[in-house]
Each structure stands twice: as structure tokens, then as C-alpha cells.
Amino acid sequence: MTSYSGKILRYDLTSGSREEWPTRQLVDGGFVGGMGFGVKLVTDEVASTVDALDPGNLLVISTGPLSGTYAPLFAQTNLVTKSPLTGGIINSYCGGTLAGSIKNAGYDALVIAGRARELSYLVVTPDRVELVPCPELAGQSAPEAEEAIKRKEGGGLDVMSIGLAGENRVRFSAVIMATRAFGRGGPGAVFGSKKLKAIAVGGHLGVRVADVAGFRKAARRARETFEKEIENPWSLLGMFSRYGTGSGMALINEKRTLATRNHRRSQFDKSHLIDGMAAFRRYPTRPVACLGCPVHCGQLHRIDEGPCAPWARGPEYETMYSLGSDCEVSDLEAVVRAHQLCESYGMDTLSAGCTVAFAMEAAERGLLPRDAFGAPLEFGSAEGMLSALEHIARRQGAGDLLAEGTRRAADQLGNDAAGFAMNVKGMEFAAWMPQRMRGIALTFATSNRGACHKRAPIGAELMGFLPMEATQGKARVVKEIQDKVNALSTLVACRFAEFVLPVESFLELIETASGLQFDETGLMRMGERLWNMERMFNLAAGIEPGEDRLPARCFEPLEDGRDGDKQLTREELQFMLADYYRERGWGPDGRPTPAKLAELGLG
Amino acid sequence: MPAVLKFEPAKCTECFTCELACSFERDRVFNRQRARLRVVRAWPDEARLVVCAHCDDPTCAACCPSEAMQVVGHRVVLDAEACTGCGICVEQCPHGAVFLVAGHHAAVKCEACDDPECVRVCPTRALTLVRGGDGQ
């Protein structure tokens, strides 16, 4: 357990009391770290029926055995909580330097319970755990709050904070850390409900490893693997390292899988105006990396004039879809500005953009006034998109309804609005199109956190290793990738790590760092175990297997469909679901069987 | 001629691998606060590198009350046992390249390793070792 800090901090905002738990208990239980810690602690302590915005909900922010070291692509931090958007358990990820700072403060995970009396931030260092009231920060943007807290507490700390959206409990609000975000599922609203403006964390304790020479060698080998990969400009990571994740947009558009006009179209004829290459051409850009990462897919743009000056973090691919193609906005500056707004207010760019696209269609159908937000609420209107975001964050006018997310908004609007409210279990769609890719259809339908792209066979379908329109065999592939990504999320590895790093390399890094031995089977089993734990929690929370479905839009013909396209049918989804439940060892009703649970040690 | 560290800010991605590698090699711990060199973020500008320049006539050696800073050949070397961590050199160094570390009795600074790990790990070659004095 050398590379662990050894302790978990539990802080109760209601009573102001703190406890420290030994990490060993969780590791001995096989939970490894990251998402494993989060799922175990949340499912143990949070009643599945408790409202996500109730003080009874828990925030678990956790690291893994490689966090804080220079092992490449292990910089992310994991957050698990009950989601205000889905009502189920969610996990969310933040890049940057945060994980190292949590370990330097002496902890493997921070567990936050209760609700503070007034708006406050929590300071966590090796010799200080203190809740500091900060009514003066109310309404401040996330970056402003971060800066103010750093000024007061010293620059050596990492600060994760919420903006107005989190304070207003916008159901898809995010927690922001130096332009990185815990985006998906509404963790910002959980912070807001706890009157927690921010957590400032850091220290000098450092991370030691079990086998110095062995770890140095293993990390060097892993680094060389990535360096070799990114030297090749034709590889995905090679492209990302040069131009960011947005550089993939042209390929995705070419393959007709770029969700456009609220998922009515599969191509955006103006995607070249807003993609990563367009941003690279327009703004002086340099790559910025997460801690210890040789891939450096992050982009920092210098902007001399206009509303985005003086600089912006480059929007990621998913943001270019949600605030770009899905709203048919072709003005790059508007997409960058929208991204900045989401960062300032603290909102998930995916859900925010997807919700605006929903509102644009609702306005088209006369369910919302076109002038609800001043500027025209219509596809293609950059002003409409930007003003909608402002209104959502502030919960002004119809923004109050949209701040509830597409599922709740559609329920309010009625008139079959649910058919074009692009969410599963309340979580808005990531960029990908179930209409075109059956693996995506099944992943979106079955993911524990809703329409999640983190656990989908995207590469395999996009690059043609698996035929996009085939249904046979997709269930097994989806199950395997869900379990695998869960396993990697215990480490906490970046999603890109497994693209090139062989499993042996993961195992070698963990063993030389922590002294703990895992094997591939054991790790994957942990991934499956977590998947089942989440499923059981969600079932108890009232998310029935019938929620493994897709909105009606996914079964409608595409507006830009072509002859020979094979339209996704409900029967196909049912076939894949039955196959999937079988692969999972669940009953045909979609519930984990007692035998399966016993096999996973969850009986 | 001595070797010097050459830093090209345009190539730096602020991954801080150099800092982690430095603390790991010197102290066997990953801790950026113990790194002997610091990459300082200045968005939107490029990062700065703060590191000992191994001056010919070092202020740190002149001001040290315990003679812990020694000029050895072309290097300025800190004798951690003699250092009391008083912090005078930290104040006086014109480059700001001597650091005090919480939980550590002495100051730390770049020791000019022969085969520096900070250079070896830099993924973009923003940090290189230049021999023959052409590092400017």
C-alpha cells in the first residue's frame, strides 16, 4: 500500500466533525481506489431513495494508487455521488493536477457529508481541515472563487469550485478546477445543496512507491509507449496531442455520426468552421497537459480581441458537438464563448448544449416562445444559444425549466416532447448517434450514469472493426468495455490510457508503486462488481429496467438519411438488450440474479 | 565548459513531469513542493522555469550565515546538513531559485545532476541539457 496516502477524510458539513478512516479497509475489500472507493462508500451510506440534493447525499472525491506520481495518464480524479440529474449513482472525472494535491494533503479520498450553515469552502492540508464561511463569494464565477481562495489561502493549493449554476442547483452543474471539470451528472448542484462553494486542497506530503527502480522503469516504459504513439500524426492520440480532441470532428462528420440539429441529422455541413483545426488556425494555440501526461490533448488559445479575450481553454470535441453542431451554431467564437460561460457558471457543456438544442426544437414546435431569452431561440442562432445558457445558469424565465434538464423539462412541456428530449435516465446524450451506431445505442440505453460515452465501443465502430449497423455480438463488446472502463476508473486512469497501454503495463505500474498484486481477471471482475453495485443502487432508487431505453427520436429516420441506411428499430434494441442481460448474467427482466450477485461477492 | 539546462517555453506543456522526476530522484518521493526546479504557470503566457543558474559569483553563497552554499567547480552546491533553513538565500537569490519546503529542515535547490532525470522525462524536449555554454 506504499503509494497510497493511507487515510480517507470524512468531513460532515452539518456538525463540522471530521473522521479519518484507514484506506486499507477499502483496498482489502478489493476496491483499489477512485471509482471503487466512491461506489463502495456511496452505496454503503447513502439511502438509494434519498433526494440527491438532500444533506443525506455524499460526495466522494477519490484518487488511485498511481495518482500524484509521474506514471503517464493517471492524473484524473474521480467523483461519485447520487446524481440530481438521474437520481442514480454517477461517477465524474476531472483532469489536471487535483489528484496529486489530494494525496499531498495526506488523503486518498475526501468524503463530504451533510450541509453547511452558510456558503463555505473547505480547506484540506496536512495540518488543517477547516470549513471557512464565504458569503462574499456567493454568485461569483468558479474561476473568480478559485482565484479569491488561492489569494487568501496560498497559491500552492488546488481549488475546485462551483459557479452560480451550482449555487442555483442547476441539475447539470459542474465543479470546476483550473478550467478542468467534474462535468457530468450535476456534482455542482450537490456542492450547491451542501452550501459548499469550493474545496481547497494540497500539501507537502508526497507519494512514495514500493519499488523505486522498478517503478522508474515501468513509468519510463509507459511514457515511451505514449511518446511513440503520438509521434505518429495519423494515430488518434497523435492527432489529439497536436490539435486537441476537437480535431476528430471532420472524421466523425465524414462517417455521418456527428449529432446535428438535436440529433435529427448526422452531418453538419459547417463542422469545419468550428472544429479543433479551425480553432487551431484562428487562435495562437499551445497544448497544456494534465499532471505527468505526454499526450497533452488540452489546448490553450490566446485571443486578442472580442468577448473571449484574453484567453480560453479550447473546447473539447464533445463541447463542439453540444454547443456547436447539435445547435447548428457555426460561429467558432460563439462556441468558445459558450464554453467559457459554462466554465464560469459551472455547467456540464454536454448537458447544457444538448438542453439548448432541445429548447430550440421545442420553440420550433411552439412549445416554448421563440423570444424566451431575448435572442431568437432557433437552430443556427449563436446569440440564442448564448442567451439560453445565461438564463439557465441564472434560472431566469424559461431558463428555470431548462435548468432541470431535458427529461424534467419535457415532462412539463408535454406534447410528446420526451420523444426529442435527448437523454437516457435523465442524462443528456454525449455526441454520438444511436441511429448510426448500434453499440452506442446499447451503451446509452444501459449505462448506469445515463447516456454515457465513456464506456462505448466508439473506436471499434467508427474505424470499422465492428460494423456500425450490426446488432450481433454488440452486447458482449459493450459489457466488456463497461467493465473494463470501470476497472480503469478505480486506478484512476484516463480514458485514453487503454488505447495503447497494454494491461501488463498497468499491472506493473500498480505493483511497483503500491506493492499490491492484481491480475487482469481480478481487475476486470472488480469492474463488473462495481457495475452490478451501481445497478442495484439504481434499481433501489426506482430506476427500473424499463429505463434502459432511448428517446423516440432514435427510431425516426434521419433528415439527412441515405438510401441503404439501416434505421435503428425498437426490435433491434430489444434484441440487443436481451442479449446484454444474458451476457451480464442477469434475468431477462434486467435484474441481477441472486446467483450473479453471489458470484461477485454481493449476495 | 559547464553544462546548463536550457528551457524552451514554447515547447512546455506544463505537465510538471520534470518537477515530479526531480523530487523522486533526490528524495524518493513524488512531491512537486520538493522539486529543485519549478515550472511557473502564467496563462495565457508561456510558463517560466525557475531554476538555479549556478552563478559564477553566487549571492546565495555570499549571504549564507552557515556556509552551506559552496561553489564546487561550475556548480553551486547546497550542504543540506550545514543548512539551517533560515531562508536568507531564498530571499536573496536573484532568480528565486532556492526553495523552502514544508516538513524539511533545509532549503532545496538544483544540484546540477550529471544525467538529470528532469531532462530525461520531459516529453516535449522543452528541457534539454546543453554542454559547451551555448545554452543561452
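## Model and conventions

This is a predicted model, in which local features need pLDDT of at least 70 and side-chain atom pairs count only at pLDDT 80 or more, while totals for chains, interfaces and linings use all residues. Residues are numbered from 1 along each chain as its sequence is written, and chains are lettered from A and ligands numbered from 1 in the order in which they are written.

The scores are ipTM 0.95 and pTM 0.97.

## Chain A overall

Chain A contains 24 helices and 17 strands, taken as DSSP runs numbered from the N terminus (helices H or I, at least four residues; strands E, at least two). Its radius of gyration is 22 Å, close to the 25 Å that the globule rule gives for 603 residues, so chain A is as compact as a globular protein of that length. The radius is taken over C-alpha atoms, and the rule is 2.2 Å times the number of residues to the power 0.38. The C-alpha trace spans about 60 × 55 × 50 Å along its principal axes.

Of the 603 residues in chain A, 63% are buried, that is, with 20 or more other C-beta atoms, placed from the backbone, within 10 Å of their own. Among contacts (C-beta atoms, placed from the backbone, within 7 Å) with a separation of 6 or more, 69% join residues 24 or more positions apart.

## Helix α12(A)

Helix α12 of chain A covers residues 332-345 and reaches 20 Å from its first C-alpha to its last, close to the 20 Å expected for its 14 residues. The expected span is 1.5 Å times one less than the number of residues. The helix is mostly covered, with 12 of its 14 residues buried; among them are Arg337(A), His339(A), Gln340(A) and Glu343(A).

## Nonpolar core

A nonpolar core is a set of buried Ala, Val, Leu, Ile, Met, Phe, Trp, Tyr and Cys residues joined through C-beta atoms within 7 Å. The largest has 245 residues, of which Val60(A), Met385(A) and Leu389(A) touch the most other members. Helix α13 (residues 349-364) of chain A supplies the largest share of this core, 10 residues.

Leaving aside residues up to four places away in sequence, Val60(A) touches residues including Phe37(A), Leu41(A), Leu79(A) and Val111(A).

## Contact between the chains

The contact involves 24 residues from chain A and 21 from chain B. On the chain B side, helix α1 (residues 17-27) gives the largest share, four residues.

Notes
Two residues are in contact if their C-beta atoms, placed from the backbone, lie within 7 Å.
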